[in-house]
Amino acid sequence: MDDLETRELRYFVAVAEELHFGRAAHRLGIAQPPLSRAIRQLERRLGVQLLDRDRRGVALTGAGGVLLREARAALDAVAAAAHRTRRAEDLRRPLVLVTKAGASHELLRRLLAAAADTGAAPVEVVLCEVGEQARFLRSGRADVALMHRPVDDLAGFDTEDLCTEGQVALLPSGHPLAARPRLTLADVSDVPGLPIARWPRLDGTYPDGPGPEVRTQSQLAHLVALGKTLLVIPASSRAWQWPDHVAVPVVDAPAITTVLARPAGHHSPALTALTRAAAGLRGAPPAAPAP
């Protein structure tokens with residue numbers, strides 16, 4: 001069997017993510033008939049059915065789910081090779097650090113200050129939404145990231161532990177639970193009228209539950225302020241807390257460790273200097289705004 005082509009993988013990923021041939025064709029800028037033929041040809045070459053097609057729409061088969069995961073990784077690797085090759089010519093370029101907006105704010109400020117004090121390369125900060133750092137690193141759009149164990153996808157990355165912290169429940173300020181000095185996971189797991197918000201899993205799907213599906217922190221901030229949801233987050237993420245929110249410690253929530261992550265095996269003088277600056281911050285407690 002011939003090797004798979006990146007074009008075929010891009011076509012398949014578009015269909016698998018849209019689960020609609022028309023939308024996928026529009027996204028790719030091609031007509032629908034050649035896209036359908038390309039997917040059928042891919043299935044014949046692989047000898048497996050990748051998609052279930054019926055009048056209700058399109059769904060991934062088990063084999064299709066495997067190819068979607070592998071195709072994303074392969075396309076990210078190709079994009080990363082191009083990004084890193086282009087940037088290798090510019091020795092003065094800054095390191096690109098990606099982090100979730102509002103997360104680890106004080107720690108990031110201290111890291112940037114420590115890097116500047118040691119004469120490390122300039123750092124360009126890129127802000128993203130929850131769970132997006134891994135894609136930035138794998139595609140080569142970022143050199144390094146602030147990520148969180150155990151909630152983020154750290155597979156294939158070298159990491160430097162920076163600090164470990166507890167979690168808080170972010171609640172509407174007028175809710176009775178907001179007046180409590182501390183809470184447990186049992187206290188917040190099934191609150192009538194205030195379900196826990198649901199973030200997408202690493203594969204983009206959502207867990208079952210009554211809480212609203214959210215993708216951005218701005219969505220979440222509005223929903224908490226309106227009394228529609230609550231969430232449990234690392235204490236330092238309260239940097240984006242609104243006046244309409246109250247944060248209460250959740251004493252039995254799993255601890256969250258903030259790490260500096262980079263693609264495994266990737267080293268440069270600039271990355272080494274930044275990692276050394278990060279190591280100097282190890283164990284420093286993350287500052288959080290006052291309740």
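## Exercise 1: Asp 52 and its contacts

Setting aside neighbours within four places in sequence, Asp 52 is in contact with Gly 57, Val 58, Ala 59 and Thr 61. The model is a predicted one.

**Solution.** 

## Exercise 2: His 20

Locate His 20 and state which residue, 37 residues apart from it along the chain, has its C-alpha atom at a separation of 6.8 Å.

**Solution.** 

1. His 20 sits in the loop that links α1 and α2.
2. The residue asked for is Gly 57, whose C-alpha atom is 6.8 Å from that of His 20.
3. His 20 has a relative accessible area of 36%, so His 20 is partly exposed.

## Exercise 3: Two helix pairs

Describe how α2 packs with α3, and how α5 packs with α9.

**Solution.** 

1. Recall what is needed: two packed helices are described by the angle between their axes and the distance between the axes.
2. For α2 and α3, the axes come within 9 Å and cross at roughly 105°. These two helices are therefore roughly perpendicular to each other.
3. The residues that make this contact are Phe 21, Gly 22, Ala 24, Ala 25 and Leu 28 on the α2 side, and Gln 32, Leu 35, Ser 36 and Ile 39 on the α3 side. By type, they comprise six nonpolar, three polar and no charged residues.
4. For α5 (residues 105-117) and α9 (residues 269-279), the axes come within 9 Å and the crossing angle is roughly 120°. The pair is therefore oblique, and its crossing is right-handed.
5. Here Leu 111, Ala 114 and Ala 115 of α5 meet Leu 274, Ala 277 and Ala 278 of α9. That contact consists of six nonpolar residues, with no polar and no charged ones.
6. Now look at the rest of α9: its buried residues are Leu 271, Ala 273, Leu 274, Thr 275, Ala 277 and Ala 278. They pack against α5 and also against strands, including β3 (95-100), β4 (123-128) and β10 (256-263).

## Exercise 4: The nonpolar cores

Which residues of the largest nonpolar core touch the most other members, and which element gives the largest share of this core?

**Solution.** 

1. As background, nonpolar side chains tend to be buried together in soluble globular proteins.
2. The largest nonpolar core has 21 residues, and the ones touching the most other members are Phe 12, Val 15, Phe 21, Leu 35, Ile 39 and Leu 51.
3. Two or more residues each come from α1 (6-18), α2 (21-28), α3 (32-46) and α4 (62-88). The largest share, seven residues, is from α1.
4. Check one member: beyond its neighbours within four places in sequence, Ile 39 is in contact with Tyr 11, Phe 12, Val 15, Phe 21, Leu 51 and Arg 53.
5. A second, separate core holds 19 residues, among them Ala 114, Leu 162, Leu 274 and Leu 281.

Technical notes:
Residues are numbered from 1 along each chain as its sequence is written. This is a predicted model: local features need pLDDT of at least 70, side-chain atom pairs count only at pLDDT 80 or more; totals for chains, interfaces and linings use all residues. Side-chain values use heavy atoms; hydrogens and water are left out. Axes are lines fitted to C-alpha atoms, for helices over the stretch in contact, and angles run from 0 to 180 degrees between N-to-C directions. Helices (H or I, at least four residues) and strands (E, at least two) are DSSP runs, numbered from the N terminus. Angles under 35 degrees count as roughly parallel, over 145 as roughly antiparallel, 65 to 115 as roughly perpendicular and the rest as oblique. A crossing is left-handed if the near helix is turned anticlockwise from the far one by less than a right angle, and right-handed if clockwise. Contact means heavy atoms within 4.5 Å. Ala, Val, Leu, Ile, Met, Phe, Trp, Tyr, Cys and Pro count as nonpolar, Asp, Glu, Lys and Arg as charged, and the others, Gly among them, as polar. A nonpolar core is a set of buried Ala, Val, Leu, Ile, Met, Phe, Trp, Tyr and Cys residues joined through side-chain atoms within 4.5 Å. Buried means under 20% relative accessible area, exposed over 50%, partly exposed in between (1.4 Å probe, protein chains only).
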